[in-house]
Amino acid sequence: MATSDLMSELQKDSIQLDEDSERKVVKMLLRLLEDKNGEVQNLAVKCLGPLVGKVKEYQVETIVDALCANMRSDKEQLRDIAGIGLKTVLSELPPAATGSGLATNVCRKITGQLTSAIAQQEDVAVQLEALDILSDMLSRLGAPLGAFHASLLHCLLPQLSSPRLAVRKRAVGALGHLAAGHRLGAHLDRLMPLVEEFCNLDDDELRESCLQAFEAFLRKCPKEMGPHVPNVTSLCLQYMKHDPNYNYDSDEDEEQMETEDNEFSEQESEDEYSDDDDMSWKVRRAAAKCMAALIGSRPDLLSDFHCTLAPALIHRFKEREENVKADVFGAYIVLLRQTRPPKGWLEAMEEPTQTGSNLHMLRGQVPLVIKALQRQLKDRSVRARQGCFSLLTELAGVLPGSLAEHMPVLVAGIVFSLADRSSSSTIRMDALAFLQGLLSTEPAEAFHSHLPTLLPPVMACVADPFYKIAAEALLVLQELVRALWPLDRPRTLDPEPYVGEMSAATLARLRATDLDQEVKERAIACMGHLVAHLGDRLRDDLQPSLLLLLDRLRNEITRLPAVKALTLVASSPLRLDLQPIVAEALPILASFLRKNQRALRLATLAALDALTQSQGLSLPPCAVQAVLAELPALVSENDMHVAQLAVDFLATVTQAQPASLAKVSGPVLSELLRLLRSPLLPASVLAAAEGFLQALVGTRPPCVDYEELISMLTAPVYEQAADGGPGLHKQVFHSLARCVAALAAACPQEAAGTANRLVCDARSPHSSTGVKVLAFLSLAEVGQVAGPGPQRELKAVLLEALGSPSEDVRAAASYALGRVGAGNLPDFLPFLLGQIEAEPRRQYLLLHSLREALGAAQPDSLKPYAEDIWALLFQRCEGAEEGTRGVVAECIGKLVLVNPPFLLPRFRKQLAAGRPHTRSTVITAVKFLISDQPHPIDPLLKSFIGEFMESLQDPDLNVRRATLAFFNSAVHNKPSLVRDLLDDILPLLYQETKIRRDLIREVEMGPFKHTVDDGLDVRKAAFECMYSLLESCLGRLDICEFLNHVEDGLKDHYDIRMLTFIMLARLATLCPAPVLQRVDRLIEPLRATCTAKVKAGSVKQEFEKQDELKRSAMRAVAALLTIPEVGKSPIMADFSSQIRSNPELAALFESIQKDSASAPSTDSMELS
């Protein structure tokens, strides 16, 4: 009992032992290990684990000494306990990577004792135990034993010739840990021929080990295995069908002539082949696993694998051994995952690319896969069927729609598993999950004819007593209703035969109260879908269903799913009569708006909006007013998303029940106007506010008068002190201008008067800067609806304003000139082009106007002027100011979109003949053609990208930098444009990451010399491209080559080191194996950064810079430490102990670990 109590005390974190207590506890436990009673011994051994972390180092060493002595005892029981004790202590030691020296000291102590125990061959049991412990120690703590590697080798090699198989096996294991995987890369060319030779010897266990070795080589050293891939592939193909004791052809015949007494014949055949000595299955399993490693490590050979490996794998789906079959399925699933198209891949847009041809080959395999799985889907083994479902789910995900024509086979398989009550419930859940996936990837028509067979087993699962099955089945039912009777298309399947059964099953689940929470929520969601999609066919079930939903609204646990279901029902195009529940539901929903639960508030606003849109005037006004009373509090900048939904709902109410809104318009409007003054206002909230304001003046009679609303909106600007300049944030002027324009658009009869008044305000010498800025920005928006009346006068006012002393007024006038011009091109554009020619001093502002005009006008209306604009812009490409050239590039980009097939090819000529500034402007213009959304110009742009990227070889630095910026934009926003050109682009990109001595010059600044590196910006741009490639084109990169350049960057300038540290941390998570291979070389630059000292007397910025660098380097170190096996690197272990022993570095490391624990999603970094 006392030992048991000690055990529970030691497991508490709070326990603190002083030196005397430590000594006593350790001494007593060591005595208990020799106790006569076995149970006491077992408890004492269990206490060792927690004790190791609680006592001082020398006490741990005392424990280890005692255990090692017991290992050599004559008593078998004591030896066993000592062995278990040593393993326990080893497993509790802090890994070397954490920098603790304890592990190293203990291992050194044990190693000497273990080697002598292994060398003495009198007692095999002691030898085996010692080998076991040694293996364990080497696998966890290999690095600190560097000094012992030679003596361990000397001790282990003789054991390979031991007469005992068990000794040989354990010695092999220990030697394997000694030669850690990634260090073998350099010796593979010598090793591979030997292993291949052993593979051909007639010994199945040896073959299995050889194939396992290939698998480990492929995972740990994929680059070095490159030359050996053909041999490994053919060995895998040969040994995957290595089954000398079984004739598969008889299976094929059996299929043709299945006998009546099926059960009997199956059992007989099983007895016949239960050959205990048959080890060939292990060879087949190792071959399948090796194949999976091969496919996973070489995505570049995918199309070859589809030709060679895929048919062989499909052929082996008939494998008789369950373990092997699981691995064959696993290997094919790896092939499917590698074939999955990358994000943003659009089949329609792509020419026959690599991804396209792989998918095409996969399509050809689908019928073969289904044929091979037809029998497996009805196999007696649950594991075989689970494998089938996993494989088919993956296939449907990679090729949606490809399984539709094979539905009879799939449905039969699903029904077979759903009806299987003999085995565990997992297979039924897997079958339901697979069916749910199919409903989302295959066309609905494919299910129509199978519904009579599919529905009864699904219904039986809905009523199943096990909550997980019921919940999964309700999800399937919901998906079934959504897919087969969609709301956006006419019904093609008559729901009559099924609707009664479905609603009865769901109602039964909805009524039961003693259910698991998940089932309750799913039943509510399923009912919501049933009513929304088939409410017109529910007849007598409709009213009870709605009342049950209302009842669930009142319950705190189910209110959120009930609100969501109500939203579905209210927004259904079936326009169901919700009168029975509306009057009671509205006050409940109003109370939810006061709750602190954000998800509930958001869902409630969506439900209210849907109810108001569908029921409108039939909602009881008193209930609507109760809801509206809650809204002013929600229109605030504390939560912009809630504010947006609240304003959208207000707009809906204004149109449905203007009288109700008029009563609360005062408080709501004052809150809304305060919100519009927020500089953080997102576009979505602004759009909602515009909609609401338009609704207010659009009702008959208007809820609020137009003039009154305009003056309320603009009051904050007009009331400002005349000389104070714009005290409001710049963004606020844009928001208010948009609202003024929205009101003018809603009341066209008032627009001209508003435009005239704005022109007067803009001209008046008494107007403050803020009033002028607002007037111009409003004119920019209103100008397009005002008509030509005031526009002649407007030209003069705008031109005059371009010379204003206030920069804000000049910018607003330039914006207005472009926007107003876009609405009246024949009048404005020639005038604007003339001004650009005539006024070189105002060129920058006028080009901004041209950019706005090109962006806002209709492409067709611009076509007549395209040539004039083109000529004018290309005259401005050589301007001295980079800012002006940037605007010119953007204008050229917008102009090309007017007529891409005609204008884009002209870039060739400019790139070939233009001067350096022109070339860089053209490349920057191409950057503006790339958007993150699909665009009609994409296919054309893709055909030119290769030529544009040749500018990476341009002699001019600025052109190369512009090309890298354009490439980065393409990789970031639309990787499909460049993915297939990477083989040609990457060598040029890597070239730009190198430091060029000829670009570094010395500048004398008084008595000091200062070094300037002109190539830095280009290098930085190149490293930014490399980071973006990691995010979107990882599969197309040769990571080892990539890492070479990351390694160079770790020693470069401050900015570049910051970038490469982030890349290294990312690589450690994305592809740990190649990083692990060279971790020793990567640590040195990180160590140098972490331990660097800033010169005394440096400026404050220098200290801040160094701190930021250290933090970034330490983040990379923390990421490297997450790679399994990294602790085996001696250099890493050494650096870790340095971090622990240095208080400054230890504190930094801990703070970084805390940061990463609290913010798991810091992986991705935006580089514009």
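Q: What does the accessible surface of the protein come to, and how much of it belongs to carbon and sulfur atoms?
A: In this predicted model, the accessible surface is about 52300 Å², and carbon and sulfur atoms account for 52% of it.

Q: What makes up the rest of the overall picture, in terms of box, helices and strands?
A: The C-alpha atoms fill a box of roughly 110 × 95 × 70 Å along the principal axes. The secondary structure comes to 60 helices and two strands. Buried residues make up 52% of the 1168 residues. Among contacts between residues at least 6 apart in sequence, 73% join residues at least 24 apart.

Q: Which domains is the protein divided into?
A: There are domain 1 (1-244 + 280-288), domain 2 (450-571), domain 3 (824-847 + 864-929), domain 4 (931-1037) and domain 5 (1072-1157). The centres of domain 1 and domain 4, taken over C-alpha atoms, are separated by 49 Å.

Q: How do you know that Cys 461 is in no disulfide?
A: A disulfide needs two cysteine sulfur atoms within 2.5 Å. For Cys 461 the nearest cysteine sulfur is that of Cys 526, and it is 13 Å away, so by the 2.5 Å cut-off there is no bond. The count for the protein comes to zero disulfides.

Q: What keeps Cys 1071 from being paired with Cys 1040?
A: Distance. The sulfur of Cys 1071 is 8.9 Å from the one in Cys 1040, its closest cysteine sulfur, and that is too far for a bond. Cys 1071 is buried too, because its relative accessible area is 13% and the cut-off is under 20%.

Q: What makes the phi of Arg 539 worth a look?
A: Phi of Arg 539 is near 50 degrees, a positive value in a residue other than glycine. As background, most residues other than glycine have a negative phi. Arg 539 is in the loop between helix H26 (517-534) and helix H27 (542-554).

Q: Why does Arg 539 count as exposed?
A: Exposed means over 50%. Arg 539 has 57% relative accessibility, so it counts as exposed.

Q: Where does Arg 575 lie, and how do you know that it is exposed or buried?
A: Arg 575 lies in the loop between helix H28 (559-570) and helix H29 (579-592). Its relative accessible area is 54%, and the line is drawn at over 50%, so Arg 575 is exposed. Phi of Arg 575 is near 50 degrees, again a positive value in a residue other than glycine.

Q: How do you know what span to expect for helix H30 (residues 598-615)?
A: The expected span is 1.5 Å times one less than the number of residues. For the 18 residues of H30 that should be 26 Å, and the end C-alpha atoms are 26 Å apart, so the two agree.

Q: What makes H30 mostly covered?
A: Of its 18 residues, 14 are buried. H30 is followed by Gly 616, whose phi is positive, near 50 degrees.

Q: Which residues of helix H50 are buried, and what covers them?
A: The buried residues are Asp 938, Leu 941, Lys 942, Phe 944, Ile 945, Phe 948 and Met 949. Their cover includes helix H48 (906-913), helix H49 (916-927), helix H51 (957-973) and helix H52 (982-991). H50 (residues 938-949) has twelve residues and reaches 16 Å from first C-alpha to last, close to the 16 Å expected.

Q: Why is Gly 834 called partly exposed?
A: Gly 834 has 36% relative accessibility, so it counts as partly exposed. Gly 834 is found in helix H42 (residues 825-838). Gly 834 and Tyr 239 are 79 Å apart, C-alpha to C-alpha, and 595 residues apart in sequence.

Key:
Residues are numbered from 1 along each chain as its sequence is written. This is a predicted model: local features need pLDDT of at least 70, side-chain atom pairs count only at pLDDT 80 or more; totals for chains, interfaces and linings use all residues. Side-chain values use heavy atoms; hydrogens and water are left out. Domain bounds come from an automatic or database domain assignment. Helices (H or I, at least four residues) and strands (E, at least two) are DSSP runs, numbered from the N terminus. Buried means under 20% relative accessible area, exposed over 50%, partly exposed in between (1.4 Å probe, protein chains only). Contact means heavy atoms within 4.5 Å. Accessible areas come from the Shrake-Rupley method with a 1.4 Å probe; for residues, only the protein chains shown count as cover.
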